[in-house]
Amino acid sequence: MSKSMNKFAVTALVIWAALSLAGCAGQGPWGKKYESGAKQPGTEQGAQQGKGAGKEGEERHGAELGGTFKGSPLDNPDSPLSKRTFYFDFDSSQVKSADREIIAAHGRYLADHPKLSVVVEGHTDERGSREYNMALGQRRAESVAQILYLQGAAKKQVQVISFGEERPVALGHDEAAWRLNRRVELLYSGNE
Amino acid sequence: MKRLIVSCLLLMLAAVGPARAELTIQVTGYVKGASPIAIVPFGWKGAKAPPQDLAAIIAADLHRSGRFQPLADKDLVAKPHQASQVDYGDWRKLDVDNLVVGQLDRLADGRYQAQFQLLDVATGKQLAGYSITSPAANLRQTAHQISDIIYQTLTGERGAFDTHIAYVTVVRANNGKPTYRLAVADADGHNEQVIYDSPQPILSPAWSPDGRRLAYVSFATGRPAIYIQNIVTQKTEKLAAYPGLNNAPAFSPDGKRLALTLSKDGNAEIYVMDLATKALHRITHSSAIDTEAAWMPDGKSLVFTSDRGGSPQLYQIGVGADGPRGRAHRLTFDGNYNARATVSPDGKKVAMIHRTNGAFRIGVLDLAQGYLQVLTDSRMDESPSFSPNGSMIIYASQKGGRGVLQVVSVDGRVHQSLSLRGGGVREPAWSPFKN
């Protein structure tokens, strides 16, 4: 469990740093594994090869045309699939229009890879009632899951869990923290 | 204004520490309308200090109720230990209504005998007098029992000091790993006993009406499930682990049914489970969130949270043997966030989380008058729970980013922090009476 918590802390830091640098709620974490269940994911292979492609040097080479990322698109920062955290307004479970197409891409990816499965985790900020937040987190996750289903993801590939306000990624008590905690995370597992 | 001063002092004192806070609350807790009472330190013949300061525990209990104003130790003009030693003239000058005197003795068999007398200062008559024998470990309970006798004698209402609270604590280790604990303690926060712990979230403890079992939600398997645990025997039963939500358990007043929230049929809906047969009856049918059911004392209807009107509000719906009776009707109309209802034992009031000016506070709705009173004044107040006599509400709040438990008298006049040891505390649930 301590490993998972370290990962948790690192993930929180990565999100925080990304937001600080980019100044927007853009990229979610890459390659985060789902560890709270028994299933072990296998989606990180290939990321390192990908990084080595396309480097320039003094020697002459044949040109490489276009992206040559060879790993999983889940780990390709240029792929919409690398975004797996989606944020929500207070007391809202409406998916933001900018996220809708990205979630749809996840749905198509799942439809194309029936051996993959995904846990859709719904979360809220700390304000208000814990049990209402459980239901709100569930509804947020269901909103995302519905888009996955529409694109052909099978119900058995998708598991929806709400943690309500119990698993914040940012531990502050102000809007800067709350906006990061009102989220749905996609956690992949299985083989492509 | 006076209430504000008291609250500020209490806030400052809470940071100093529990023992000192209790002592000094008596000095500063001037409350209009509270009856002045002198509780003289109990006589004690031992060479060392007595195992418990009964008078201090009794004074803290009575003060917390909002109905009494115990005199500060320095204002005690005399320290008699029995009625025959009392000069009533001394106490009349102080405008004290009542006087409590007593004696604590260690018996030959190692147990302790506490004797006390409750006296009426105006008439010089004894209103109550008892002798209670207990082992040293139970002396705090003895003090709470004395508080209950005093409270009932003077107010005509049953005291709720010798009761328990359940709550959840969260402590994070240095590596960030949390440990969640479900604990039971005396109603004043002392004598904590952990009955369940887990690295995964625990929430929503709910007492059975016999005070022997707790229903709660645990994520021990990685997802929510509802359990019922016998507090004494530890025997635990997993009651609900359907796909999706398994949340917000609430025992019916007769203990035979459990209201709960499930999303197995699409979205958050309220169901009632027959605990003998495990048969489920769906109560709500809406596309909105319906959750946090609380039983009315007659067991014939539920108050619950729903956002079917666009924002979370409280509704009430009748419950029959196998489903709803009639349609839900809305109870709250003040503000855009009213959630987590708890019903007073007489069924006349509903306490809730009420949002006002962006702050989440504890509100109390008078069902007959339709009038909502806000009892608290911080930003993150939640999980209200009535004492079994309905005179106090315990709730969770935050101080310095940490979860704390607060008690407020139901009229909003007296606020007190409970002295619980380190870590975040949340989700208090006040037990029923012991019998």
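A quick word on terms: helices (H or I, at least four residues) and strands (E, at least two) are DSSP runs, numbered from the N terminus, and two strands pair if DSSP finds at least two bridges between them. Angles here run from 0 to 180 degrees between N-to-C directions, and axes are lines fitted to C-alpha atoms, for helices over the stretch in contact.

Strand 12 (residues 225–230) of chain B pairs with strand 13 of chain B in the antiparallel sense, over 4 bridges. Within that strand 13 of chain B, B:K238 is the bridge partner of B:Y227.

## What you are looking at

This is a predicted model, where local features need pLDDT of at least 70, side-chain atom pairs count only at pLDDT 80 or more, and totals for chains, interfaces and linings use all residues. Residues are numbered from 1 along each chain as its sequence is written, while chains are lettered from A and ligands numbered from 1 in the order in which they are written.

## Another sheet in chain B

Chain B also has an open sheet of 4 strands in the order 14-15-16-17, with antiparallel pairing. Its edge strands, strand 14 (246–251) and strand 17 (280–282) of chain B, each pair on one side only. On average, neighbouring strands of this sheet are turned by 30 degrees against each other, direction ignored.

Strand 16 (residues 269–274) of chain B runs antiparallel to strand 17 of chain B, and the two pair over 3 bridges. Look for B:M273, which stands opposite B:L280 in strand 17 of chain B.

## Two domains in chain B

Where do they touch? 9 residues of domain 1 of chain B are in contact with 12 residues of domain 2 of chain B, contact meaning that the C-beta atoms, placed from the backbone, lie within 7 Å. On the domain 1 side, helix 3 (54–64) and helix 5 (139–155) of chain B each supply at least two residues. Helix 3 of chain B gives the most, with 4 residues. By class, this side has 2 nonpolar, 4 polar and 3 charged residues. Ala, Val, Leu, Ile, Met, Phe, Trp, Tyr, Cys and Pro count as nonpolar, Asp, Glu, Lys and Arg as charged, and the others, Gly among them, as polar.

## Where chain A meets chain B

Across the chains, 25 residues of chain A are in contact with 30 residues of chain B. Helix 1 (2–22), helix 4 (130–150) and strand 3 (158–164) of chain A are the elements that give two or more residues to the chain A side. Helix 4 of chain A gives the most, with 9 residues. The chain A side divides into 10 nonpolar, 9 polar and 6 charged residues.

## Helix 4 of chain A and its partner

Helix 4 of chain A also meets helix 3 (residues 97–112) of chain A: their axes come within 7 Å and cross at roughly 50 degrees. That makes helix 3 of chain A oblique to helix 4 of chain A, since angles under 35 degrees count as roughly parallel, over 145 as roughly antiparallel, 65 to 115 as roughly perpendicular and the rest as oblique.

Residues in this contact include A:I103 and A:L110 from helix 3 of chain A, and A:V144 and A:L148 from helix 4 of chain A. The contact divides into 7 nonpolar, 2 polar and 1 charged residues.
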